[in-house]
Each structure stands twice: as C-alpha cells, then as structure tokens.
Amino acid sequence: MAAAEATDPSSYPELIMAAIKSLVEEGRMDTSESAISDRIESQHLGTLPESHASLLAEHLTCLTDSGELFLIDMINYVRSEAAPKRGRGRPPKPRGRPPKPKDPVAVAASEDSSAIPRPRDRPAKKKAAIAGAPAVVGGGVAKRGRGRPPKAKTGTADDA
C-alpha cells in the first residue's frame, strides 16, 4: 500500500509538505529542492518512480504558484503558515529625528587646536585686485570688460 501511495503523483504535495515540516523541526535551515528530494528518498526508499526529480520540480512549482509554498532567497521553500507576512502599502517612516552629523571643525578643534581645517568657502581675493589694479595687462593690451561685448558694426555704402 505504501509503494502505491508513494508512486501516485497526487500524493507528491503531501510528501513535499511532510519533508519540509521534518526539515524545519530538525532545525535545518536548508529547505532547498535537493534537501527535500533527499528527505523524500530517504523516507521512501525504493518506492519512488524513476521520474522522481521531474515530478518533484513540477509539484514544487505548482505549490509555489498556488501560494501553499513560498520561495525565499531563490533557494529555500517555506510553507505558507510559516512564511513572513508583509503588510499592504508602503512601510511607515521611522519615528524620531535622525542623529546630527558630526561637525568636522568641532572634531578637529577637540583633537588638536592648532590643526583647524580649511574653510569651505571661496578663497578671498588678493588685495591688489581689489584696490584698483591697472586694466592693462602685460604689453599694453587692455583687459576685456564684464558682460557681452557690443555687436560689431559693419561699414556699408548705404550707411554713408
């Protein structure tokens, strides 16, 4: 009777569920297809059909599609009662304020008062450029002024 029951393809879901349950009760975290197959083969020695591997893969796929099993980490199978439930919608934001970032100036000052880091701003202009340096640079060529240069006037015969 056990041989006919084990070879019956309709009994594979029960065999799979029993194998997963026994693996979990043992404390083994490996519930992959190969571990399930090994467990079934060890329990039903010599009574399984030769197409056991393909039947097992097919039934695992059907059980996963129907929602009776869940595939975790793309390897391990878990029964739907033991599967972690996920709530609907977006998870809530964490409460409370995040910790403030450390100030690099305060950290440097506490470590060594002489080693203050450089400021993050733009460096100051040199005093000669501010005090009205000459507009002529080098060999008598005037510096360009600010903004867009005026449009070049073309001299035509009609203008005269």
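1. Basis of the note. The structure is a predicted model, in which local features need pLDDT of at least 70 and side-chain atom pairs count only at pLDDT 80 or more, while totals for chains, interfaces and linings use all residues. Residues are numbered from 1 along each chain as its sequence is written, and side-chain values use heavy atoms, with hydrogens and water left out.

2. Elements. The chain holds six helices and four strands, where helices (H or I, at least four residues) and strands (E, at least two) are DSSP runs numbered from the N terminus. Read from the N terminus, their order is α-α-α-α-β-β-α-α-β-β.

3. Surface and contacts. Of the 160 residues in the chain, 19% are buried, a term that stands for under 20% relative accessible area, with exposed meaning over 50% and partly exposed in between (1.4 Å probe, protein chains only). The accessible surface of the chain, by the Shrake-Rupley method with a 1.4 Å probe, is about 14,000 Å², and carbon and sulfur atoms contribute 56% of it. Among contacts (heavy atoms within 4.5 Å) with a separation of 6 or more, 44% are between residues 24 or more positions apart.

4. Helix 3. The buried residues in helix 3 are A35, I36, S37, R39 and I40, and they pack against helix 2, helix 4 (52-66) and strand 2.

5. The hairpin. Strand 1 (residues 69-72) and strand 2 (residues 76-79) run antiparallel and are joined by four bridges; two strands count as paired if DSSP finds at least two bridges between them. The two strands form a hairpin with three residues between them, and D73 in the turn has a positive phi of about 60°. Within this pairing, L71 faces Y77 of strand 2.

6. Because R39 belongs to helix 3 (residues 33-43) and E26 to helix 2 (residues 12-26), the pair ties together parts that are 13 residues apart in sequence. R39 is buried, at a relative accessible area of 13%.

7. The D30 and R28 pair. The side chains of D30 and R28 also form a salt bridge, with an N to O distance of 3.9 Å. D30 is partly exposed at 33% relative accessibility, and R28 is likewise partly exposed, at 37%.

Definitions and conventions. Salt bridge = Lys/Arg side-chain N within 4 Å of Asp/Glu carboxyl O.
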